[in-house]
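Please take a slow look at the chain shown below, and turn it around a few times. Then we can walk through some of its parts together.

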Amino acid sequence: MVSTGLLQADVFFKGLRRQKEPFESETKTSPPLVDDVSPELGAEHASAVRQLRRFGSDAGFQEGNIMANTVGKLSFSNKFILAPMVRVGTLPMRLLALDYGADIVYCEELIDLKMIQCERLVNDVLETVDFIAPDERVMFRTCSKEKDRVVFQMGTADPKRALAVAQLVENDVAAVDVNMGCPKEYSTKGGMGSALLSDPEKIEAILTTLVRGISKPVTCKIRILPTIEETVNLVKRIEKTGVSAIAVHGRMKEERPRHPVHCDYIQAVAESVSIPVIANGGSVDHVKTHDDIEKFREATGASSVMLARAAMWNPSVFRSQGAVSVDEAMEEYIKYAVRYDNNTFNTKYCLCQMLKDRVESPMGKQLHAAQTSAEICEVFGMTDYYKKAQADLEARKSYLQANSSSLSDQPTLDGDVITMAVKFERREYPPQITPKMYLLEWSRKEKLEQPMYDTEQRAQDRAFQSTVTVANKKYRSTLWEKSKKFAEQAAAIVCLRTLGVPEGRIGEENSGLVNKRKREERKQGVSEDIGITDSTNRKRRITEPSQKEEQESNDKMTVVNGSCGQTVP
C-alpha cells in the first residue's frame, strides 16, 4: 500500500515547474525583463537574436554572448551618476537621486567577505530584494524602480570571491563595479580599494574573471597615480580586461577633498582609451549647480560625470530645472527612508550630511536625539506621513498573510531536488524530539529504507547544507545552517512538510508516530501507569537509541575539500 504522502510527492514532482526562484512574488516584485530585441540593433542583428531563441541550450548560450554585448546593456556614455558613498549610497538616497535626474546610481561599497555570506530574499511587504547577513542585517536592499540603473560596487582583492558576489547580485542590478580608489583603512586593509593600484596583475585578474563570469557590464573606479603616464598605462591595461567603463577620481590616494582635482589627468585618460571614462572628484571645486556638471565634463574631456559630495549635500543637484531647497530634499529623502524601512541611524547620518552647518541648530540637535524613524519624522513635522506609511505597510503585511502562503512554505523543484527555505529552530521542538526522529519513524512505518543524508560544507563561511533521500526522492533546504546536525534537521523538515507528515513541533497534534522501542515495550506489557520518576527514566531509555543513531550518523560524515559524505541515520 502506497501512503498518501508518497502519492502527494509523486504528483508534486510531476506537476511542479522547474525553477529555482519562488513562485509568484519574484515576478510580481521585479520589473519586466529587457525588451526582447532592442531597436538599436538593426534588423539583421535583431533577426539573428530571434533565430537563436528558437534553438536549444547551446544556441541560448550563444545568444547570451550576443545579448551581453548588445541588448539591454547599461550605457555609461553621456551620463550623470551618483557616486558610491559609504553610509550614504543606500536605497533612499539612490531613489531620490534618480527622481531628481541622475541617470545611474552606485550603491555604497560592500565588502565581498560580508556579501558572500548573505542570503537573497524577496521582501513582499516592502517590495524589495534584500541580501541578508547571517546576523540578520540587511547588507544590500534594492527594488524594481532602480533595477536597470543601479550599479553594485564591491570591495574585493580576490577574483573568486568577487565572482561569487557578482553572481549573487547580478540578476538584481544593472552592472557590477570594483572599488579600486577608496583610500580609507576599512577598504585598503586586505588589499582592497586603492591598495589595488599597486598590483595591476591582481586588477587584471579580478576584472577579467568578472567580465567572463557574469552577463552584466563590469566597471571599476580608480584614483590617479603619481604621474599621468603611470595613470594612462594602468587604464590601458584595465581597458583590455573588457570592462564597460572606468571611473577616475582625479586625486591621488594620499590626497583629500581639500586638494584640487587634477582635471588634466582625467583628460589624458579619456583621450587614451575607447571605453567611457567617468570623471569624479569635482564636487568641492567645480560643481555647485546642475549646469556645473556639464562644465566639469568639458574640463575633463570625460564621457560622463560622477558626483559624490555635491549629491550628498543636495541630491537635487541632478535636477535640470535647478535644485530644490535642502529642506524639501530632506523631506523627500525621509519619505523613501520610511517607505523602505531604512536603518534609523543610517537615515540620521544622511540627513546630518544634508544639514551641513545647520547640524548644531535646534533642528540638528533634535535630529541627533532621535532614536527611531517616528522621532525623525516628528523633528521634520512629518508625523502624519509616518503614521500613514506604517498603516499602509501593516495593511499590506496583513493582506499577504491572509491571502497567500509565505514563499518559504512553498516547495520548489531545483533539478531533481525538492527545496524549501527552512531553518531548524531548536526551540520549536520538545526536548529530545527532532524532525529527523519523526522522519525515521515514518519511514519505518511505511516500510521504506532509512533516510540518507548527503551533507556539504561551504568553504567561505563553513556553513552546512544537507540533502535527504527518502523513497528515491530528494529534499533540501535552500538555507545554510551553522552545523551539520542543524542542516540535516532542516532537510528532514522539508521532506516532512512536503509529504504532509507531522514533524514534532510544539503544539502539533499527536501524529501517532512513536519510537520503535516504545512500541516493543508496550507489546511486552510494560505498564504506562507508573510513577513520574520511572516514567522519566523510561523516556530517557526510549530516546537514547534515536540519539545514538543521530550520533552515529554524525560520526560517519567526513569533510573533504569542503564536502561531506553520505550518512545514514
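Is S304 buried or exposed? S304 is buried, because its relative accessible area is 0%, and buried here means under 20%. Keep in mind as you read that this is a predicted model. S304 belongs to strand 12, which covers residues 304–307. Leaving aside residues up to four places away in sequence, S304 touches F76, S77, N78, K79, I81, V277, I278, A279 and R297.

**The chain as a whole**

Now step back from that residue. The chain has 569 residues, and 50% of them are buried. Its secondary structure comes to 22 helices and 19 strands. Among the contacts with a separation of 6 or more, 67% are between residues 24 or more positions apart.

Let us start with strand 5, residues 128–132. This strand is mostly covered, as five of its five residues are buried. T128, D130 and I132 lie on one side, V129 and F131 lie on the other, and both faces are covered.

Strand 9, residues 218–223, can be viewed in the same way. Six of its six residues are buried, so strand 9 is largely enclosed by the rest of the structure. V218, C220 and I222 point one way, while T219, K221 and R223 point the other way, and all of these are buried.

**Who pairs with whom**

| Strands | Sense | Bridges |
|---|---|---|
| Strand 4 (residues 119–123) and strand 5 | antiparallel | five |
| Strand 5 and strand 6 (residues 138–142) | antiparallel | four |
| Strand 8 (residues 175–180) and strand 9 | parallel | five |
| Strand 9 and strand 10 (residues 245–249) | parallel | five |

You can find single residues that face each other across these pairs. N123 stands opposite T128 in strand 5, and D130 stands opposite R141 in strand 6. Turning to strand 9, D177 stands opposite T219, and R223 has H249 in strand 10 as its bridge partner.

The hairpins around strand 5 are worth a look too. The hairpin of strand 4 and strand 5 has four residues between the strands, and E127 takes a positive phi near 60° there. In the hairpin of strand 5 and strand 6, five residues lie between the strands, and E136 takes a positive phi near 80°.

**A pair of helices**

Our last stop is a helix pair. Two packed helices are described by the angle between their axes and the distance between the axes. What is the angle at which helix 9 and helix 10 pack? Helix 9 (residues 200–213) and helix 10 (residues 228–239) pack at an angle of about 25°, and their axes are 9 Å apart. An angle under 35 degrees counts as roughly parallel, and helix 9 and helix 10 are therefore roughly parallel to each other. The crossing of helix 9 past helix 10 is right-handed.

Which residues in helix 9 and helix 10 meet? From helix 9 come P200, E201, I203, E204 and L207, and they meet L234, R237 and I238 in helix 10. Sorted by kind, the residues of this contact are five nonpolar, no polar and three charged.

Notes:
Residues numbered from 1 in each chain as written. Predicted model: local features only at pLDDT ≥ 70, side-chain atom pairs only at ≥ 80, totals over all residues. Heavy atoms only, no water. Axes fitted to C-alpha atoms, helices over the stretch in contact; angles between N-to-C directions. Helix = DSSP H or I, 4+ residues; strand = E, 2+ residues; numbered from the N terminus. Parallel < 35°, antiparallel > 145°, perpendicular 65-115°, else oblique. Left-handed = near helix turned anticlockwise from the far one by under 90°. Contact = heavy atoms within 4.5 Å. Nonpolar A, V, L, I, M, F, W, Y, C, P; charged D, E, K, R; others polar. Buried < 20%, exposed > 50% of the residue type's maximum accessible area, 1.4 Å probe, protein only. Pairing = 2+ DSSP bridges.
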